[in-house]
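Look at the sequence and the model together, and keep both in view while reading. The paragraphs below go from one part of the chain to the next.

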Amino acid sequence: MSDFPLPPAAESFDRFVNTPLDRLLAENAELDVRHKFLQLFKRCAAEVPAYRDFLAARQVDPAQVNDYAAFNNLPLMGKADYMQAYPLPQRCFGGSLHGADRVAVSSGSTGKPTFWPRAAADELEVALRFEQVFADSFQADRRSTLAVVCFALGNWVGGIFTTSCCWHLARKGYPLMVATPGNNKAEILRVVRELAPHFAQTVLLGYPPFVKDVIDAGIAEGMEWAKYRPKLVFAGEVFSEEWRSLLARRTGSPDICCDSASLYGTADGGVLGNETPYSVAIRRWLADRPDAARALFGESRLPTLVQYDPASRFFELHDGTLVVSGASSVPLLRYHIADKGGLVAFAEMRDFLSRYGVTSPTDLGLPADFRPRELPFVFVFGRADFTVSYYGANIYPENVTVGLEQPQIAAWATGKFVLQTRETADGDKELQIAVELLPGVEPTAEMVPAIAESVKAQLLRLNSEFAHYTPTERQLPQITLHGFGDAEYFPVGVKHRYTRR
């Protein structure tokens, strides 16, 4: 063994690979989280040129930020005033990309990709979220496992992040093989048929509607999913518990709280939290009790509910939306991610449940000896801005507008529309667009297909996530035509909203 000390990245890998999950989480729990992120602030103020300028422009003296109260008053950073306002290297430590060795991309409202560089060591905190799912839910630390990455590959954040983190688990000693067919249904099914019989279980990782498409395509081809003992990992979209139950029936799931898990992640922040058997059981309990859900979340509809490690990603609330801080090659300090949601401490959740008579795991359908990890909860309804999520792609109203501005279409439509996704009776996702016609224009047979093709063409041209994430057969939006001033979609005298959830 070398007498030279390991470089910082190597030390991080050595700690991750050689430290059991329980100990890693216990060590994180012992940290003074507020002090950790105060130190991250001081480092960013000294070493990140963009952040130093960002503070100066807002007359913030870093030397005066010495406690959490001062940290809590720091200006929020956002995409428009920070990520898009400064050159990429200036947002990195040292004002250089040299500290990063990989990059992922995501689409913005203009369709121009945003680049997110990071170092391999940055992935380890994200890999810890995957480890929680693979160990706590799937027992993949002691079961041979085939992990099939069904996210789009290339530089797209979901596929490359997932693949890399699964490789880290294999390096740690998990009996895990990682297959990377990407979002190619035929190749996914081929991989499962050939390899799954050699493993104790198979994990499909992808966007919820696409994973369902894969499962349904397999059933149509005569596949018996239950014999592969499938587990499912989702990211990118909120779904109902009825939908989870539907997939459980189609895959023969014997333990619905442990056989699937959703990740809460963003391109800029990585994976911020993950479903656990406990959070799934709570969410399923709440699904049958809208009054309790409203008391906890402020709304009766169900958000994604995950647990998170505050030593990894530090959450705050701002006007009902989430703010996060976290270290990476492009560090985040009080970054406004524009997701509507909230925070619930572990003790607060336990007390809330007890008020409704839930005093033991069995009240949630869990085994009597189940012991949840005492991590806080974050819940997420989705974007607080005007995007909708479809197959993991953020669809922006600006992209649809261009499709309606084409000369043929503009002769029929006002340019106003309502964009939404809906679930069919069979649990499939559809992209639906209600379009307002000009005064005096009556709908004709040619309009719907022409508008659908025009919008699809512009989405493919302008939105790289849509082009890469959405299966070809799901790309054509469902168009409905409505008269001028339609009371349901386009009421006169009311500020128009271009999206609906």
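Against which elements do the buried residues of α4 pack? They pack against α3 (33-47), α6 (79-83) and β12 (332-344). The model is a predicted one, in which local features need pLDDT of at least 70 and side-chain atom pairs count only at pLDDT 80 or more, while totals for chains, interfaces and linings use all residues. Residues are numbered from 1 along each chain as its sequence is written, and side-chain values use heavy atoms, with hydrogens and water left out.

Helix α4 covers residues 49-57, and its buried residues are P49, A50, Y51, F54 and L55. Buried means under 20% relative accessible area, exposed means over 50%, and partly exposed lies in between (1.4 Å probe, protein chains only). The names of the elements follow DSSP runs: helices are H or I runs of at least four residues, strands are E runs of at least two, and both are numbered from the N terminus.

Leaving aside neighbours within four places in sequence, Y51 is in contact (heavy atoms within 4.5 Å) with F41, C44, A45, L74, M77, Y82 and L333.

Next come two helix pairs that share α12. The axes of helix α12 (residues 277-287) and helix α14 (residues 346-355) come within 13 Å and cross at roughly 35°. Axes are lines fitted to C-alpha atoms, for helices over the stretch in contact, and the angles run from 0 to 180 degrees between N-to-C directions. This crossing of α12 and α14 is left-handed, a term for a near helix turned anticlockwise from the far one by less than a right angle, with clockwise being right-handed. On the α12 side the contact is made by Y278, I282, W285 and L286, and on the α14 side by F346, M349, F352 and L353. These residues divide into 8 nonpolar, no polar and no charged. Here Ala, Val, Leu, Ile, Met, Phe, Trp, Tyr, Cys and Pro count as nonpolar, Asp, Glu, Lys and Arg as charged, and the others, Gly among them, as polar.

How do α11 and α12 pack, and at what angle? Helix α11 (residues 241-251) packs with α12 at an angle of about 115°, with the axes 10 Å apart. E241, R244 and S245 of α11 meet V280, R283, R284 and A287 of α12. The contact of α11 with α12 divides into 2 nonpolar, 1 polar and 4 charged residues.

Is K172 buried or exposed? K172 counts as buried because its relative accessible area is 15%. The K172 side chain makes a polar contact with the side chain of E131, at 3.0 Å, and also reaches the backbone oxygen of F16 at 3.0 Å. A polar contact is a pair of N or O atoms within 3.5 Å; within protein, one must be able to donate a hydrogen and the other to accept it, and residues adjacent in sequence count only if both atoms are side-chain atoms.

Among the residues that K172 touches is L24. L24 lies in helix α2 (residues 21-29) and is buried, with a relative accessible area of 3%. The C-alpha atoms of L24 and L128 are separated by 8.5 Å, although the two residues are 104 residues apart along the chain.

The last topic is the backbone angle phi. Most residues other than glycine have a negative phi. Q139, in the loop between α7 and β3 (145-149), has a positive phi near 50°. Y391 has a positive phi of about 50° and sits in the loop between β14 and β15 (393-395). Y391 is buried, at 0% relative accessibility. Just after α4, Q59 takes a positive phi of about 55°.
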